Amino acid sequence: MNTSFRETISLEERLALFDYAFDNAPIGIAIVDTQGRILRGNASFSRMVGLSESEVYLKPFRDFTHPDDVDADLTLFSEVMDGLRDGYTMEKRYIRPDGEIVHARLNVVAMRDKAGKVTRFLSQIEDVSEQKRVELELVERAAQLELAITALRGGFWHMDLATHVFETSHRLSQFITGVDAKSLDLDQYLERVLPEDILATDLTPLISGEVDHSVVEYRLITESGERWMRCDRRLLRDSAGKPLRVVGVAIDMTEERRRLENMQQNAETDALTGLLNRRGLRSSYQQMQSTDGFGLLVVDLDGFKQINDRHGHPAGDAVLVEVARRLSSLVRNDDAVCRTGGDEFILIIPGSATVAEEIAARVVEGVRPPIAIGTGEVSVNVSIGGTWSPDKTGDVEGLIGLADKQLYAAKAAGKDTWRIIGAE
């Protein structure tokens with residue numbers, strides 16, 4: 001004959017087992033009377049609410065329940081008392097004596113006598129404060145991500161490596177083709193990339209698993225026109241390390257690139273005159289092409305110090321700006337004009353020695369007319385030293401050194417003239 005476990009042990013033993021489970025349970029357990037008062041709470045429950053076992057005795061649970069949760073708890077409690085339910089489950093908050101709030105998950109069952117009348121409530125209370133903290137953190141991160149995506153000029157895309165299906169996010173599609181956009185497949189996306197940049201979109205190293213991360217830049221034709229995009233691509237693998245998916249975020253960096261280009265331009269130009277500075281001169285010289293040779297002229301203003309001393313530096317700056325304008329007007333479009341500092345200018349003339357001589361003579365003549373400064377005028381002359389080479393054999397600094405020697409010769413000859421070495 002089969003007998004149950006309950007039939008094999010005495011009432012005393014069952015009570016002892018209950019007491020042991022009650023007292024040592026890892027979650028809070030409380031017995032509540034029909035008035036909502038705590039008759040007994042275990043150690044876990046006491047720690048949770050911040051009250052000793054003696055302090056919780058006969059204390060109504062509403063006294064340490066968060067005010068915003070009291071009504072919901074009492075309503076469910078009353079429904080059990082009215083026979084509408086046998087128990088309930090809810091999430092609620094307790095307030096400890098120090099003011100700390102504890103989030104809990106409450107499970108309540110009614111204990112009835114033989115007539116079915118509710119005599120006690122058995123409550124199991126699990127502290128879920130850490131879970132709530134994590135949930136809140138996830139919600140905050142999701143909100144931050146949503147805000148970032150909203151502010152993002154661009155969007156996301158992904159490619160499933162098993163199916164080779166490529167899809168753009170709704171926001172990226174809108175960025176590319178407008179508000180009524182649909183997701184773009186790979187061919188549709190690549191059609192928007194400028195042909196000269198198409199190699200930058202190659203995903204082969206990621207698809208093969210050769211690399212897990214790469215960043216590239218390319219130009220994309222969007223509804224707003226041509227935009228520079230920075231694309232951060234990452235490879236996702238399965239638990240065995242097999243390439244699974246490639247995800248990417250494409251961000252419009254056009255303005256950033258323009259700022260960098262402006263910075264580079266500023267770094268190669270003279271702030272006062274707008275001409276090339278020495279760095280810009282070197283860069284310009286490296287890019288020049290000529291089959292007829294190259295001339296370099298060092299142009300120095302005669303008597304400029306006296307203008308500064310007599311009329312002040314603002315007047316001197318006005319003279320430099322006007323001389324820079326005149327020099328630019330006296331050379332050809334392919335010639336480079338540079339201010340290296342102070343009152344010294346450098347011209348690079350791609351072409352024959354004769355062309356270099358013609359421009360030197362034109363500059364000496366063209367700078368002579370008076371220059372207006374405020375209410376008056378000043379006159380300046382220039383001395384020019386130059387060098388000419390049939391090809392680009394040396395660096396620009398070496399040519400400047402040779403031209404400087406000719407500048408000294410021009411000044412020794414009485415100034416307001418030019419001397420060029422290498423010219424016939």
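Mentor: Happy to. Helices and strands here are DSSP runs, numbered from the N terminus: helices are H or I with at least four residues, and strands are E with at least two. L407, for one, lies in helix α15. This is a predicted model, in which local features need pLDDT of at least 70 and side-chain atom pairs count only at pLDDT 80 or more, while totals for chains, interfaces and linings use all residues. Residues are numbered from 1 along each chain as its sequence is written, and side-chain values use heavy atoms, with hydrogens and water left out.

Trainee: Okay, what is the mean pLDDT of the protein chain?

Mentor: pLDDT is the predictor's confidence in each residue, from 0 to 100. The chain's mean is 90, and 95% of its residues reach 70 or more.

Trainee: And where is confidence lowest?

Mentor: In helix α1 (residues 5-8), with a mean of 57, while strand β13 (residues 344-350) has the highest, at 96. Where pLDDT is low, the predicted coordinates should not be read in detail.

Trainee: Back to L407. Is L407 buried or exposed?

Mentor: L407 counts as buried because its relative accessibility is 3%. Buried means under 20% relative accessible area, exposed means over 50%, and partly exposed is in between, using a 1.4 Å probe and protein chains only.

Trainee: Which residues is L407 in contact with?

Mentor: Setting aside neighbours within four places in sequence, L407 is in contact with V298, D300, E344, S383, I384 and G385. Contact means heavy atoms within 4.5 Å. For a sense of distance, the C-alpha atoms of L407 and E53 are 101 Å apart in space, and these two residues are 354 residues apart in sequence.

Trainee: Which helix packs with α15?

Mentor: Helix α11 (residues 278-287) does, at an angle of about 110 degrees and with the axes 10 Å apart. That makes α11 roughly perpendicular to α15. Axes are lines fitted to C-alpha atoms, for helices over the stretch in contact, and angles run from 0 to 180 degrees between N-to-C directions. Angles under 35 degrees count as roughly parallel, over 145 as roughly antiparallel, 65 to 115 as roughly perpendicular and the rest as oblique.

Trainee: Which residues make the contact?

Mentor: From α11 they are R278, L281, R282 and Y285, and from α15 they are V396, E397, L399 and I400. By class, that contact has five nonpolar, no polar and three charged residues. Nonpolar covers Ala, Val, Leu, Ile, Met, Phe, Trp, Tyr, Cys and Pro; charged covers Asp, Glu, Lys and Arg; the others, Gly among them, are polar.

Trainee: How do α12 and α13 cross?

Mentor: The axes of α12 (residues 304-311) and α13 (residues 313-330) come within 7 Å and cross at roughly 140 degrees. The two helices are therefore oblique to each other. F304, I307, N308 and H311 of α12 meet H313, A315, G316, V319 and L320 of α13.

Trainee: New topic. Where is D416?

Mentor: D416 is in the loop between α15 (396-412) and β17 (418-421). With a relative accessible area of 23%, D416 is partly exposed. D416 has a positive phi of about 50 degrees, although it is not a glycine. Most residues other than glycine have a negative phi.

Trainee: Which side chain has a polar atom 3.2 Å from the backbone nitrogen of D416?

Mentor: The side chain of D302. A polar contact is a pair of N or O atoms within 3.5 Å; within protein, one must be able to donate a hydrogen and the other to accept it, and residues adjacent in sequence count only if both atoms are side-chain atoms. D302 lies in strand β11 (residues 294-302) and is buried, with a relative accessible area of 11%.

Trainee: Last one: what about S44?

Mentor: S44 sits in helix α3 (residues 43-49) and is buried, at 9% relative accessible area. A polar atom of its side chain lies 2.8 Å from the backbone oxygen of A25. Not counting residues up to four places away in sequence, S44 touches A25, P26, I27 and G28.
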